[in-house]
Amino acid sequence: MSYTLQTRVHGEFDDVVSTTIDALEDEGFGVLCDIDVQETLQQKLDEDFRQYRILGACNPGLAHQGLEDDLDLGTLLPCNVVVYDDDDGIVVSAVDAQRLIGVADDDALDPIGEDASERFERVLESL
């Protein structure tokens, strides 16, 4: 069973990143961090790597609900969305928040994971 939700799109890489960020915002997520893996690996290891960005996405309302129930939930936040180049286009992949929150083994968190996963599914569908 996969731990991600993903879609493949065509277009310019930077445009797909921007469109993904806009779609996340439309679903109530802010991007707290944006890690350019290609640049980081080049700078730190002098290694060439494909275009690859990690977007740390957080929906403040859902995060607040989860943290009210379990303060350690912060170790699973933010939820990551990655955008990367591959041979057949650009892949946008989001963590399956429902599966991620499932590691907490707390039924009270299940609705939050379901809500977040549904939002990520809509983000990917909109791309």
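Student: Is Glu27 buried or exposed?
Tutor: This is a predicted model, and in it Glu27 counts as buried, with a relative accessibility of 16%. The cut-off for buried is under 20%, so Glu27 falls inside that class.

Student: Where does Glu27 lie?
Tutor: In a loop, the one between α1 (13–26) and β2 (30–36).

Student: And what does Glu27 touch?
Tutor: Leaving out residues up to four places away in sequence, Glu27 touches Asn59, Arg119, Arg122 and Val123.

Student: What does Asn59 do for α3?
Tutor: Asn59 caps the N-terminal end of α3. One of its side-chain oxygens lies 3.1 Å from the backbone nitrogen of Gly61.

Student: Staying with α3, which residues are buried there?
Tutor: Leu62, Ala63 and Gly66, in a helix that covers residues 60–69. They sit on the same side of α3, because they cover an arc of only 100° around the axis.

Student: Why would residues spaced like that point the same way?
Tutor: An α-helix has 3.6 residues a turn, so residues three or four places apart point the same way.

Student: What covers the buried residues of α3, and which ones are exposed on the other side?
Tutor: The cover includes β3 (52–58) and α5 (110–126). On the other side, Pro60 and Glu68 are exposed.

Student: New topic: how many aromatic pairs are there?
Tutor: Three. One of them is Tyr52 with Tyr84, which is stacked, at 5.3 Å centre to centre and 10° between the planes. That pair links distant parts of the chain, since Tyr52 is in strand β3 and Tyr84 in strand β4 (residues 79–86), 32 residues apart.

Student: Which residues make up the ring cluster?
Tutor: Ring pairs link Phe49, Tyr52 and Tyr84. Tyr84 is buried at 18% relative accessible area, while Tyr52 is partly exposed at 22%.

Student: What about the phi of Asp46?
Tutor: Asp46 has a positive phi of about 55°, although it is not a glycine. Asp46 lies in the loop between α2 (37–45) and β3, and it counts as exposed at 62% relative accessibility.

Student: And Asp105, what's its phi?
Tutor: Positive too, about 50°, and Asp105 is not a glycine either. Asp105 sits in the loop between α4 (97–102) and α5, exposed with a relative accessible area of 72%.

Key: Residues numbered from 1 in each chain as written. Predicted model: local features only at pLDDT ≥ 70, side-chain atom pairs only at ≥ 80, totals over all residues. Heavy atoms only, no water. Buried < 20%, exposed > 50% of the residue type's maximum accessible area, 1.4 Å probe, protein only. Helix = DSSP H or I, 4+ residues; strand = E, 2+ residues; numbered from the N terminus. Arc of directions from axis to C-beta. Contact = heavy atoms within 4.5 Å. Polar contact = N/O pair within 3.5 Å; in protein donor to acceptor, adjacent residues only side chain to side chain. Phe/Tyr/Trp six-rings, centres within 6.5 Å; stacked < 30°, edge-to-face > 60°.
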